[in-house]
Amino acid sequence: MKKWALITGASQGIGYEFAKLFAADGYNLAILARDQPRLQQVADELRARHGVTVKVLTKDLAVPGAAKEIFNELEREQFPISILVNNAGFGFKGAFAELALQGELDLIQVNMTALVELTRLFLTPMLARREGRILNVASIAAFQPGPFMSLYYASKAFVYSFSCALADEVAGTGVTVTVLCPGLTHSQFHARAGLTRKHGLFMNADEVARDGYHALMKGKPVIVSGFMNKLGANIAKALPTRLTTRLAGKMNQSM
Ligand SMILES: NC(=O)c1ccc[n+]([C@@H]2O[C@H](COP(=O)([O-])OP(=O)(O)OC[C@H]3O[C@@H](n4cnc5c(N)ncnc54)[C@H](OP(=O)(O)O)[C@@H]3O)[C@@H](O)[C@H]2O)c1
């Protein structure tokens with residue numbers, strides 16, 4: 001019987017690349033995002049190319065209760081989720097005092113609250129079956145505070161810390177938790193965040209997804225994608241926080 005993977009933010013970018021990797025390996029998929037026509041297009045493509053079953057979940061994770069609705073729907077239809085990929089996320093560039101409060105509250109809901117809810121809900125049946133894998137997408141932004149994208153960086157530090165701790169808690173249960181930390185990656189993320197720079201050490205979304213996929217399948221707790229990002233993350237951990245905070249702020253202002 002084919003296994004099921006649930007991927008949030010699968011309509012484009014890194015999440016779409018994840019969907020292609022899982023489908024190519026024969027997983028049935030539940031793909032989630034807000035853009036229904038685009039999700040339908042992705043579903044049709046994956047069904048035709050890989051012969052897998054794809055369920056489209058058109059949901060806005062910024063709406064409280066969305067995670068529980070998704071869980072209930074998949075339980076009702078008896079799609080046992082073996083793999084959960086919490087990938088959906090976004091950020092906004094700007095001074096915290098000037099950014100719209102609602103946007104920042106939505107960021108908390110999507111990047112942190114929905115991720116926690118989905119993890120908690122799907123973890124219970126995974127533990128009962130003694131089988132399952134969870135991949136949470138953080139960022140190298142997790143490794144230092146980021147002025148002018150303060151809440152985004154804080155949300156990724158949260159995802160990183162939460163995921164590392166949970167990976168340790170579930171060790172030996174048959175369930176694994178992996179956190180993926182990408183650096184700059186070509187996707188819609190930057191345009192949506194109000195960041196304009198398109199050049200620099202950008203990776204492609206398919207490379208990042210492949211790194212995450214392999215780490216997930218090996219049950220590794222942490223994967224920083226790309227050599228330069230690994231180097232940057234290690235340097236950030238070694239330097240004083242005041243300095244890395246200042247540098248991150250300058251970088252965000254320049255983008
Ligand atoms: N790109 C980078 O440089 C970079 C670097 C480090 C980490 N990351 C992280 O990687 C993850 C994927 O980002 P990406 O680069 O692939 O960005 P992206 O191209 O903007 O894709 C984001 C995905 O999340 C979905 N999404 C956004 N808000 C949502 C909501 N309220 N409800 C449901 N789905 C929602 C989007 O679909 P809809 O718009 O259709 O809802 C889309 O499928 C994010 O967590 C991001 O923080 C990205």
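Before the details, two remarks on conventions. Residues are numbered from 1 along each chain as its sequence is written, and side-chain values use heavy atoms, with hydrogens and water left out. As the model is predicted, local features need pLDDT of at least 70 and side-chain atom pairs count only at pLDDT 80 or more, while totals for chains, interfaces and linings use all residues.

Let me turn to the ligand. Around the ligand there are 33 residues, of which S11, R34, N87, Y152 and S187 are the closest; a residue is near a molecule if one of its heavy atoms lies within 4 Å of it. Sorted by class, this shell holds 15 nonpolar, twelve polar and six charged residues. Here Ala, Val, Leu, Ile, Met, Phe, Trp, Tyr, Cys and Pro count as nonpolar, Asp, Glu, Lys and Arg as charged, and the others, Gly among them, as polar.

Which polar atoms of the protein face oxygen atoms of the ligand? A backbone N or O atom of D35 lies 3.0 Å from a ligand oxygen, and a polar backbone atom of Q188 is 3.1 Å from an oxygen atom of the ligand. From the side chain of H190, an N or O atom is 3.5 Å from a ligand oxygen. A polar contact here is a pair of N or O atoms within 3.5 Å; within protein, one must be able to donate a hydrogen and the other to accept it, and residues adjacent in sequence count only if both atoms are side-chain atoms. The ligand taken alone exposes 880 Å², and the protein buries 98% of that. Accessible areas come from the Shrake-Rupley method with a 1.4 Å probe, and for residues only the protein chains shown count as cover.

The elements that give two or more residues to the shell are helix 1 (13-24), strand 2 (28-33), helix 5 (150-169) and helix 6 (189-193). Helix 6 provides the largest share, three residues. Helices (H or I, at least four residues) and strands (E, at least two) are DSSP runs, numbered from the N terminus.

I now move to the surface. A nonpolar patch is formed by L201, F227, M228, L231, I235, L239, L243 and L247, which together have about 760 Å² of accessible area. Patches are made of residues with over 30% relative accessible area and no salt bridge: like charges are joined within 9 Å, and nonpolar side chains (Val, Leu, Ile, Met, Phe, Trp, Tyr) within 5 Å. Two or more residues of the patch come from each of helix 8 (227-238) and helix 9 (241-254), and helix 8 gives the largest share, four residues. L243 is found in helix 9 and is partly exposed, at 40% relative accessible area. Buried means under 20% relative accessible area, exposed over 50%, and partly exposed in between (1.4 Å probe, protein chains only).

Next, some loop residues. Most residues other than glycine have a negative phi. Q78, although not a glycine, has a positive phi of about 55°; Q78 lies in the loop between helix 3 (66-76) and strand 4 (81-86) and is exposed, at 68% relative accessibility. F148 likewise has a positive phi, near 70°, and its place is the loop between strand 5 and helix 5. S139 lies in the loop between strand 5 (132-137) and helix 5 and is buried at 8% relative accessibility. The S139 side chain reaches the backbone nitrogen of A141 at 2.8 Å.

Finally, how many salt bridges does the structure hold? There are eight, a salt bridge being a side-chain nitrogen of Lys or Arg within 4 Å of a carboxyl oxygen of Asp or Glu. In helix 1, K20 and E17 lie three residues apart, about one turn of the helix, and their side chains meet at 3.4 Å, N to O. In helix 2 (residues 36-50), E45 and R49 are four residues apart, about one turn, and pair at 3.8 Å, N to O. R49 is exposed, at 58%.

The side chains of K59 and E69 meet at 2.7 Å, N to O. K59 lies in the loop between strand 3 (54-58) and helix 3, and E69 in helix 3, so this pair ties together parts that are ten residues apart in sequence. K59 is buried at 17% relative accessibility, whereas E69 is partly exposed at 44%.
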